[in-house]
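Work through the exercises below with the model open. Each task is followed by its solution.

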Protein chains: 2
Amino acid sequence: MDMLKYQQIANEIEKYIEDNKLQQGDKLPVLETLMSQFEASKSTIIKALDLLERKGVVFQVRGSGIFVRRHKRKGYISLLSNQGFKENLEDFHVTSEVIELEVRKPTEEAAANLNIGRDEDVYYVKRVRYINGQTLCLEESFYNKSIITYLNSEIVSESIFDYIKEGLGLKVGFSDMYLQVDKLSEEEAGYLGLKAGSPKLCVETIFHLTNGQPFDFSKVTYNYEQSQFFVQANSSFL
Amino acid sequence: MDMLKYQQIANEIEKYIEDNKLQQGDKLPVLETLMSQFEASKSTIIKALDLLERKGVVFQVRGSGIFVRRHKRKGYISLLSNQGFKENLEDFHVTSEVIELEVRKPTEEAAANLNIGRDEDVYYVKRVRYINGQTLCLEESFYNKSIITYLNSEIVSESIFDYIKEGLGLKVGFSDMYLQVDKLSEEEAGYLGLKAGSPKLCVETIFHLTNGQPFDFSKVTYNYEQSQFFVQANSSFL
DNA sequence: CATTATAATTGTACCGGTATAATTAATCAA
DNA sequence: TTGATTAATTATACCGGTACAATTATAATG
C-alpha cells in the first residue's frame with residue numbers, strides 16, 4: 001500500500017459517511033476521537049479533513065464541529081473531478097465510439113494551448129460518447145506525442161486517463177477549463193443527432209501534469225439535452 | 001489588522017507575482033527563503049501556498065519548487081470565485097437594473113433549496129445585469145428573510161454580498177452550483193434582448209453560511225453571447 | 001423565565017521538529 | 001559524449017505542542 005495515511009483516513013471517513021447514509025448537517029466525531037480512532041496526529045486528521053472539505057464532502061465549523069456536506073441532485077457531472085464521467089455517472093452506462101485516431105500536426109489553436117510548435121506531433125482523437133444509448137457529447141482531443149508517446153484504438157475506446165496514469169505512469173496535475181454556450185454547427189449536430197442551431201455547451205480543457213506541462217487539449221461539445229453540470233465551491237479564499 | 005498571517009502572506013506572494021508579471025512556470029523562492037523573508041514557520045508558509053494553489057495561482061512540485069500558474073484567456077467569469085463578477089470582470093463595466101424587490105413566500109423550488117417552509121418569508125430579487133451596456137444575465141434570487149433580515153433597493157442595486165458580509169456581519173461559506181444549457185423562454189428573451197429559443201446557460205446556486213445554513217437560492221440566466229466561463233481544477237484529490 | 005455572564009467544548013493558527021520522496025545537479029564510468 | 005550512479009536540493013508526510021477564537025452549554029442574575 002503506497003497510499004498516504006491522510007488519504008486513507010479521508011477515504012475511510014468518506015466511506016463511513018456513505019455507509020451510514022449521513023445527511024447534510026450530520027456531525028462527525030470530534031477531532032480527538034478521530035485522532036485516537038485512526039491513530040494519527042492532529043495535523044494528519046486535519047489534512048484528511050481539508051481534503052474532504054475541498055472535495056465537498058464535509059465542512060468544518062470552528063468551535064462547533066465537523067459536518068457532512070451533501071448535495072441533493074443526482075445525475076449531474078461534476079466539473080471539478082477533473083477527468084472522466086465514470087465517477088459522476090456511475091449509475092449510468094457511458095460508452096465511446098471512436099471516430100478518428102491518428103498522429104498528425106496540431107492546429108494553431110492546439111499548438112498554442114499545448115505550448116508546442118506546429119511541427120511537433122500530436123495524437124488526435126475524435127470520439128462520440130453515449131449515455132444510456134443517447135449521445136452525450138462530441139470530443140476532440142490533442143495529446144502531445146512527446147509526452148503521451150503511444151495510443152491505440154483499444155486504449156482510446158476505454159479510459160484514456162486511466163492509461164495515462166497506470167500505463168504510462170504519469171501524474172495528472174491541474175487543468176484549466178473554458179466554457180462557452182453557442183449554437184451547434186451542421187457537423188456537430190450530425191454527430192449528436194440534433195438540429196443545427198440547437199444550443200450547445202462547448203468545454204475546452206487544457207490538462208497539465210503535476211510538473212505543469214500541458215499534455216492534452218480537448219474540446220468537448222455537449223448535447224444540451226443530456227448534460228447537467230455541478231460545481232461545489234468553497235469560499236475559503238475570499 | 002485581523003487578517004491571518006498565512007492569508008497576508010498569500011496576498012503578498014500573489015501581489016509579488018502580479019507586480020513582477022511572472023509567467024506560467026516561473027519559479028518562486030524556495031520554502032526556506034520564504035520562511036525567513038516572511039518571518040514565519042514552515043507550516044504557515046505551506047498554508048499560504050496551499051491557499052494559493054487552491055486559488056489557481058501557483059502549483060507545487062515536490063523536489064523541484066513552487067511555480068506560478070497562469071491562464072491565458074481574459075474576460076472569462078470564474079465559476080469558483082463564488083460570488084460576483086466584480087473581480088473577474090474588473091476591466092469591464094458591470095451594472096445592475098433592479099426589476100423587482102419584495103418580501104414574499106417562496107416557490108416550492110426555492111423553499112426546498114433554502115430548506116425552509118413555504119410559509120416563511122423570503123426576499124425576492126430580480127435583476128438584469130449589464131456588461132459594457134449589453135445584457136449579461138437575468139438573475140432571480142430568494143434570500144431567507146430570517147437570515148438576511150433586511151434589503152432595500154439601494155443595497156440590491158449594488159453588491160448584495162458585500163452588504164451581507166460587511167453590513168450584516170455574516171460569513172459566507174460554500175455554495176452548490178448546478179448548470180444547464182437550454183433555450184430561452186419568451187420572457188427571458190425579452191429581458192436579455194434576444195430571440196426566444198436562443199441558447200441560454202442557466203446556473204442555479206445555493207449559497208450557505210459557514211455554519212452550513214443555506215441563505216440564498218438564485219437562478220441566473222446568461223446571455224450566451226456575453227458569457228464565457230472559467231474553471232481551474234486541481235486533481236489533488238484523485 | 002428570560003437575560004446575561006461564565007465556563008466547557010471544539011476547531012484553527014502558528015510554532016518547529018524528523019524522516020522521506022521526488023526532482024535536479026554533479027560525478028563517474030564506458 | 002552518453003549513460004548510469006551518486007549526491008544535493010526541495011517539497012511533503014507526519015509528529016506533537018501552545019495559544020486562541022468561535023460556538024455551545026451551563027450557571028448566575030434580575
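**Exercise 1.** Determine how H1(B) and H3(B) pack.

*Solution.* Take helix H1 (residues 5–19) of chain B and helix H3 (residues 42–55) of chain B. Their axes lie 8 Å apart, at an angle of about 60°. Axes are lines fitted to C-alpha atoms, for helices over the stretch in contact, and angles run from 0 to 180 degrees between N-to-C directions. Helices (H or I, at least four residues) and strands (E, at least two) are DSSP runs, numbered from the N terminus. H1(B) and H3(B) are therefore oblique: angles under 35 degrees count as roughly parallel, over 145 as roughly antiparallel, 65 to 115 as roughly perpendicular and the rest as oblique.

This is a predicted model: local features need pLDDT of at least 70, side-chain atom pairs count only at pLDDT 80 or more, and totals for chains, interfaces and linings use all residues. Residues are numbered from 1 along each chain as its sequence is written, while chains are lettered from A and ligands numbered from 1 in the order in which they are written.

**Exercise 2.** Find which element gives the most to the surface near DNA strand C.

*Solution.* H3(B) gives the most, 3 residues.

**Exercise 3.** Identify the edge strands of the open sheet of 8 strands.

*Solution.* Pairing is mixed; two strands pair if DSSP finds at least two bridges between them. S3 (77–78) of chain A and S4 (94–104) of chain B each pair on one side only. S4(B) runs antiparallel to S5 (residues 122–131) of chain B, joined by 10 bridges. B:Glu97 has B:Val128 as its bridge partner in S5(B).
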